[in-house]
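Please look over the structure shown below. The report that follows takes up a few of its local features in turn.

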Amino acid sequence: MAQFNHILELFGRFSLDAQTSPDIVACDLLASKIHGATIHPTDVRYNASTTENWSQTAWESPTCIFQPNTVQELQTAVPILVDSNASFAIRSGGHMPVPHAASIDAGVLIDMSSIGGTQYDVEKNVVVIGAGQKWGDVYPELDQYEVTVAGGRVLSPGVGGLILGCGISYLSDLYGLVCDNVLNYEVVLADGSLVNANKESNADLYWALKGGSNNFGIVTAFTLQAYPIFHIWGGTKVYPFEALSDVLDALAEFQTDPNKDPYAQFNINAYVTNTTFGIVIGLTYLKPEEAPAAFAPFFRLDENWNTILDTTGLRTIHNLISEYPIPSIPRVEWTTTSFQPTQSLYKSIREIFATSPAVDELRGLTAGTGIFTLQGISASAVEAGKLHGGNALGLEPVAQTWFHTDIGWWFPEDDEIAHNGIRSLTDEVEALAKAQGKYLRYIFMNDASIDQQVIEHYGEDNVRKLREVQQKYDPGAVFQRLVPGGFKLPHLS
Ligand SMILES: Cc1cc2nc3c(=O)[nH]c(=O)nc-3n(C[C@H](O)[C@H](O)[C@H](O)COP(=O)(O)OP(=O)(O)OC[C@H]3O[C@@H](n4cnc5c(N)ncnc54)[C@H](O)[C@@H]3O)c2cc1C
């Protein structure tokens with residue numbers, strides 16, 4: 001009997017907790033006030049949705065998922081979450097592998113995937129894109145007009161997260177980062193109001209959203225500038241891993257050319273733990289010009305090395321983007337650091353690939369794949385961003401490399417080894433860059449790991465301005481208190 005009473009007591013306590021738990025209250029209210037948009041764990045759609053995040057490291061078990069079909073439904077939902085004091089996460093394409101950034105345990109996951117639509121306005125030459133679209137929805141719509149936008153270099157990531165992290169595109173050296181090409185953000189604020197943020201209206205919020213991620217509101221649509229870029233030259237060249245020193249020499253020459261052609265973009269993936277892949281060089285030239293002279297340093301590699309694969313040629317930009325190789329591995333973590341490229345720094349980094357104990361440790365993971373990605377941003381990209389009104393990132397107008405280490409592995413029991421390995425590799429590269437006086441403070445949000453303080457690195461003045469914008473548009477600090485995941489505004493000292 002005593003045991004029975006104890007069970008009753010426990011049950012009573014549980015049901016009291018359940019009734020008062022803000023996330024459960026919010027889920028019930030969302031389900032009763034907005035028809036058909038709330039997915040509970042008992043719903044057959046729940047598992048498919050919670051496992052939608054690209055990396056398993058980001059899978060969680062929300063109390064419910066709210067999937068608005070219209071912006072009005074979202075406007076109704078946000079005040080319900082605020083009044084219930086329920087924690088929530090916002091997910092567009094779910095491609096950020098950072099735990100808690102785009103999902104949540106014991107809270108509500110707002111899944112933006114039904115807020116779609118890509119509309120090209122021929123007269124204004126702009127494209128309005130719903131935040132729930134993926135880049136693979138956007139480019140095919142633009143093909144018929146032979147235009148493109150500064151957007152993802154891969155089709156699968158979401159539009160929402162990539163733009164709010166200020167994304168790199170193939171058009172960056174010409175027109176700035178992806179966020180620099182946004183003409184208008186349509187945003188639901190904490191009180192449920194819908195505002196536009198652009199150069200004329202809510203200009204401070206417009207600036208803050210260029211790097212501000214999920215700290216100010218939920219963006220429902222982006223208006224992007226379109227460009228008449230369609231037929232281009234480019235593709236992938238794969239070399240054996242042994243060619244790495246020569247590849248890095250070619251890269252330093254290409255990046256440090258004072259007259260670097262902004263139509264020419266590269267990205268290099270060096271597979272350090274799986275040498276069968278070797279080095280994958282992506283070359284993109286934004287005009288239909290065979291073998292453009294800007295890539296001469298890379299073409300000279302062919303005098304000493306045979307390519308394992310070469311897909312370069314004339315094609316459309318959409319076709320090139322469709323080709324980007326993405327290994328399919330269940331668990332992924334990545335980190336990033338930035339520096340000014342020099343031949344000597346690249347040589348030192350080459351030594352890390354060859355000698356770091358962390359590489360050996362990562363090699364021991366089941367099906368572990370480690371990729372170093374070198375991404376170039378020229379001074380012209382930073383200048384173009386300024387011409388478009390500026391962003392919150394605090395970038396220096398110099399040629400820079402956004403260095404990205406990406407580890408993929410299979411089993412959760414290896415999470416810690418992967419995390420420590422990748423952390424120490426990035427620390428080693430960062431220490432070298434500092435020692436050679438080439439370190440840059442910037443941390444690229446879209447490639448950062450959970451323990452990197454991204455917004456802190458935008459610089460004190462920018463952080464203060466971001467805080468002021470937050471206090472103006474979200475005085476209750478809803479997106480700080482109730483949205484715990486992702487890269488948050490630091491507290492002012
Ligand atoms: C295969 C692959 C290719 C990639 N290629 C590129 C590339 O070419 N260029 C580049 O810059 N990056 C690239 N990335 C990185 C990518 O930009 C980030 O992972 C980005 O966060 C993905 O966007 P998402 O909408 O899928 O993000 P999500 O995981 O859905 O969200 C990321 C963050 O943004 C917030 N957020 C998302 N939508 C909204 C919204 N509507 N309102 C407010 N906050 C929101 C979320 O809360 C979360 O914190 C790539 C990633 C992958 C996995």
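This is a predicted model: local features need pLDDT of at least 70, side-chain atom pairs count only at pLDDT 80 or more; totals for chains, interfaces and linings use all residues.

Cysteine 166 is found in the loop between α6 and α7 (172-175), and although it is not a glycine, it has a positive phi of about 80°.

Glutamate 146 also has a positive phi without being a glycine, here about 55°, and this residue lies in the loop between α5 and α6. Glutamate 146 counts as exposed, however, because it has 12 C-beta neighbours inside 10 Å, and a residue with 12 or fewer is placed in that class.

## The shell around the ligand

The ligand is surrounded by 34 residues, of which the closest are Gly93, Gly158, Gly160, Gly161 and Gly486. Two or more residues of this shell come from each of the elements β3 (88-91), α6 (159-164) and β9, with α6 giving the most, namely 4 residues.

By residue class, the shell divides into 16 nonpolar, 16 polar and 2 charged residues. Because domain 1 (2-112) and domain 2 (118-228) both contribute residues to the shell, the ligand lies between these two domains.

## An open antiparallel sheet

Strands of a sheet pair through backbone hydrogen bonds, in either a parallel or an antiparallel manner. In this model, 5 strands form an open sheet in the order β5-β6-β9-β7-β8, and the pairing is antiparallel. The edges are held by β5 (118-121) and β8 (194-198), each of which has a single partner strand, so that one side of each is left without a neighbour in the sheet. From one strand to the next, the twist averages 15°.

Within this sheet, strand β7 (residues 182-188) is joined to the antiparallel strand β9 (residues 218-225) by 6 bridges, and valine 188 has isoleucine 218 in β9 as its bridge partner. Helix α5 (residues 135-143) packs on the sheet, where it touches β5 and β6 (126-130), and its direction makes about 35° with that of β5.

## Aspartate 427

Aspartate 427 is placed in helix α15 (residues 415-435), and it counts as partly exposed because 13 other C-beta atoms lie within 10 Å, a number that falls between the limits for exposed and buried residues. From C-alpha to C-alpha, aspartate 427 is 23 Å away from aspartate 249 in space, while the two are 178 residues apart in sequence.

How values were computed. Residues are numbered from 1 along each chain as its sequence is written. A residue is buried if 20 or more other C-beta atoms lie within 10 Å of its own, exposed if 12 or fewer, and partly exposed in between; C-beta atoms are placed from the backbone. Two strands pair if DSSP finds at least two bridges between them. Axes are lines fitted to C-alpha atoms, for helices over the stretch in contact, and angles run from 0 to 180 degrees between N-to-C directions. Two residues are in contact if their C-beta atoms, placed from the backbone, lie within 7 Å. A residue is near a molecule or strand if its C-beta atom, placed from the backbone, lies within 6 Å of it. Ala, Val, Leu, Ile, Met, Phe, Trp, Tyr, Cys and Pro count as nonpolar, Asp, Glu, Lys and Arg as charged, and the others, Gly among them, as polar. Domain bounds come from an automatic or database domain assignment.
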